[in-house]
Amino acid sequence: MAKKKCVAMLLAGGQGSRLHSLTSNLAKPAVPFGGKYRIIDFTLSNCTNSGIDTVGVLTQYQPLVLNSYIGIGSAWDLDRKNGGVTVLPPYSESKEMKWYTGTACAIYQNLNYLIQYDPEYVLILSGDHIYKMNYELMLDFHIKRDADATISVIEVPWDEASRFGILNTDSDMKVVEFDEKPANPKNNLASMGIYIFKWSVLKEYLIKDAALPDSSHDFGKDILPTLLSDQKKLFAYPFSGYWKDVGTVRSLWEANMDLLDDTCGLDLFDYTWRIYSVNPNQPPQFISDDALVVDSLINEGCVIEGEVEKSVLFQGVKVEKGALIKESVIMPDAVIGKNVFIEKAIVPSEMVIPDGTIIRALPDADDEIVLVTEDMLQSL
Amino acid sequence: MDRKLLGVIDATTYQKGLEDLIQHRSLAAVPFGGRYRLIDFILSNMVNSGIKSVAIFPKNQYRSLMDHLGSGKDWDLNRKRDGLFFFPAPAEEKEITSFNHFAANKDFFDRSNQQYALISNCFTVCNMDFEPILDWHIKSGCDITEVRKDGRSLHMFLMKKSLLVELFETREETGYTCMRDVVTDINSPYRQCHYEFKGYAVMIDSITTYFNESMKLLKPSIWKELFLKNQPVYTKVKDEPPTRYFTGASVKNSVIANGCLIEGTVENSIISRAVKIGKGSVIKNSIIMQKCQIGENCVLDSVVLDKDVKVNNGTMMYGTKELPYVVRKGTVQGALMNS
């Protein structure tokens, strides 16, 4: 294999259990987002747009959909003769079957993948976030400071800082302290779970960490704190722009709604930074005489005969006459029957909502965002 | 018995009456239906009918066609064995006939191991399965089967590949220049049959048919017949985001492709990919091709805008159903012009 300057390792094994039925048969990075994408499209497109052509995708939980979606990576221009995308599932060794028990563990078990490219730098990514980022700029930052590890950080609102892993730095952005979910944060720079390591340093610390029986084999909890205590050079790379973890039904809904807000900072129409995805090859959308569509994103293959307001509709959705959809996300190939009313809901793929159904949160519900389930439709 | 079909697309045709649209592109590459090019229909039909090898014979202005087809990947025709073959005409021959063009590439026909050949034009819009037609052809025992719609030839012909080779090899003696010459010759020694296709099929051979047949896509019955789920029409992938409808947008009875930004009113129209329609603008009975930018407070009725046309704020443009107003690719239309 030809030597690579930087290889990306994309952690895509997350279950995303707080997305409930949306992740019952697919991994979180494969969850549909934004009318035509899956969550992982953002990270894979960032790689391609940043000039990174070698990406290992680590899968574990429910990998079927994700594996077939990624394929040989051609949708992201990652079908390369040298490099490209490689799906890295857990595997069994001669003595035992090894699952990925932590983020560092997953990379450790694929050291051979990295060794074959012998890169200078390794970029660790998570397939759970919606954002557009030029990793090349972060790599330049890392190289310029001769860092051993660089952690991308984003300013979060002070009142939310205690939910994140906070990094305390000196004035030159050198990391002086990790503060995991601090009760009284000294800073509001949260780790985005994006790391660049010198390959030699990463390899050394992954091997050391793997031998520790008490380690949880996690980058945030184990590897980075050890590097810091060993006086290694750790820097925080400040990122500004849209970044969102879509780990809950509400945050997934919010991130979809953000796409309808021109001030949110996530522009899908920016042709210099396209988000690529597997093309569903559907005919254009058809908007009938009875339809009304405003403030919405509608994908190809939709047939709209009802009213759609402030909503995101994926490919192949049918909205029948008299239906009214407000502030909702309708996933691929769902059918919204006649005179259905849906407000602030997520309708999963291929779900058929019978004629006349009313979907909105009950007045006493914990959350006003409804994830529609088959059970819910049965009980109506 | 080997019943495989070789697909041959004759893209050498130049249609008078479509000049505005084929000035810079082959007829095969004329945009249609919001996200397709005319050739997508026949090419997808061939692929969906199990044809693994397709040869395309274009003549002039084939740059946009080549760009569209690429390696054939979007039709699953980037194969190690068979796949998509592209045979541009020799540059020095201006008036090359189909049979001369085929004969110049006889090697390809010799190397292909398919027993039958389907020769088709590149400008018929339809969703046709050729497998039953081949069955019919074999059972009928005819030499040449011509596919027809309402008794009119669709310029699609099935025959043994060996017969096709014989036809173009003997062109000097017979005087035949293309398949049409063969089937219209009452003294032709070949047994001809006509297969009547029952579904929707139309040849785009003038601006009026182009316009009217585009408008027929707005009829659900035609739409459903053309875009079958198990026989999809493939096209070049563009990675456009979904279409964004803004506050104040009003879209009725229209076909809209991806990547559009719509703030105005659209009625009875076909809007291609990545079109912008500004506030207060009204687009009626029109065909707007890729990447057109229509400013604010414009009125367009019965207009065909070719790709990349920019329409300045406040511009009014009118055509008629019989004679739509056609605007050439890449032009800028101002409020003071054409009003």
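Residues are numbered from 1 along each chain as its sequence is written, and chains are lettered from A and ligands numbered from 1 in the order in which they are written. Because the model is predicted, local features need pLDDT of at least 70 and side-chain atom pairs count only at pLDDT 80 or more, while totals for chains, interfaces and linings use all residues; side-chain values use heavy atoms, with hydrogens and water left out.

Helix H6 of chain A comprises residues 199–210, that is, 12 residues. Helices (H or I, at least four residues) and strands (E, at least two) are DSSP runs, numbered from the N terminus. From its first C-alpha to its last, H6(A) reaches 16 Å, close to the 16 Å expected at 1.5 Å a residue; the expected span is 1.5 Å times one less than the number of residues. The buried residues of H6(A) include Trp199(A), Val201(A), Leu202(A), Tyr205(A), Leu206(A) and Asp209(A). Here buried means under 20% relative accessible area, exposed over 50%, and partly exposed in between (1.4 Å probe, protein chains only). Seen down the axis of H6(A), these buried residues fall within an arc of 155°, so they line one face of the helix. The arc is that of the directions from the helix axis to the C-beta atoms. An α-helix has 3.6 residues a turn, so residues three or four places apart point the same way. The buried residues of H6(A) pack against helix H3 (103–108), helix H4 (111–117), strand E8 (121–126), strand E13 (189–198) and helix H7 (219–229) of chain A.

The loop between H6 and H7 of chain A contains His217(A), which counts as buried at 14% relative accessibility. Apart from neighbours within four places in sequence, His217(A) is in contact (heavy atoms within 4.5 Å) with residues including Thr101(A), Cys105(A), Asp209(A) and Asp222(A). The side chains of His217(A) and Asp209(A) are also joined by a polar contact of 2.8 Å. A polar contact is a pair of N or O atoms within 3.5 Å; within protein, one must be able to donate a hydrogen and the other to accept it, and residues adjacent in sequence count only if both atoms are side-chain atoms. Pro354(A) lies 137 residues from His217(A) along the chain, and their C-alpha atoms are separated by 48 Å.

Tyr131(A) is found in strand E9 (residues 129–131) of chain A and counts as buried at 0% relative accessibility. Tyr131(A) and Gly241(A) are 110 residues apart in sequence, yet their C-alpha atoms are 7.7 Å apart in space. With neighbours within four places in sequence left aside, the contacts of Tyr131(A) include Phe42(A), Leu125(A), Ile194(A) and Trp243(A). A polar contact of 2.6 Å joins the side chains of Tyr131(A) and Tyr135(A).

At the interface of the two chains, 36 residues of chain A are in contact with 38 residues of chain B. The chains bury about 3,000 Å² between them, 48% of it on carbon and sulfur atoms; buried area is the accessible area (1.4 Å probe) that two parts lose on being put together, summed over both. Across this interface there are 22 residue pairs in polar contact, both residues being at pLDDT 80 or more. Strand E16 (285–287), strand E17 (292–294) and strand E18 (296–298) of chain A each supply at least two residues of the side of chain A that touches chain B.

The structure holds 32 salt bridges over all chains, a salt bridge being a side-chain nitrogen of Lys or Arg within 4 Å of a carboxyl oxygen of Asp or Glu. Across the interface of chain A and chain B, 4 salt bridges are found. One of these links the side chains of Asp262(A) and Arg244(B) at 2.9 Å, N to O. Another salt bridge, between Arg274(A) and Glu240(B), has an N to O distance of 3.9 Å. Arg274(A) lies in the loop between helix H8 (249–258) and E16 of chain A, and Glu240(B) in the loop between helix H11 (220–226) and strand E12 (243–245) of chain B, so the pair joins two chains. Both Arg274(A) and Glu240(B) are buried.
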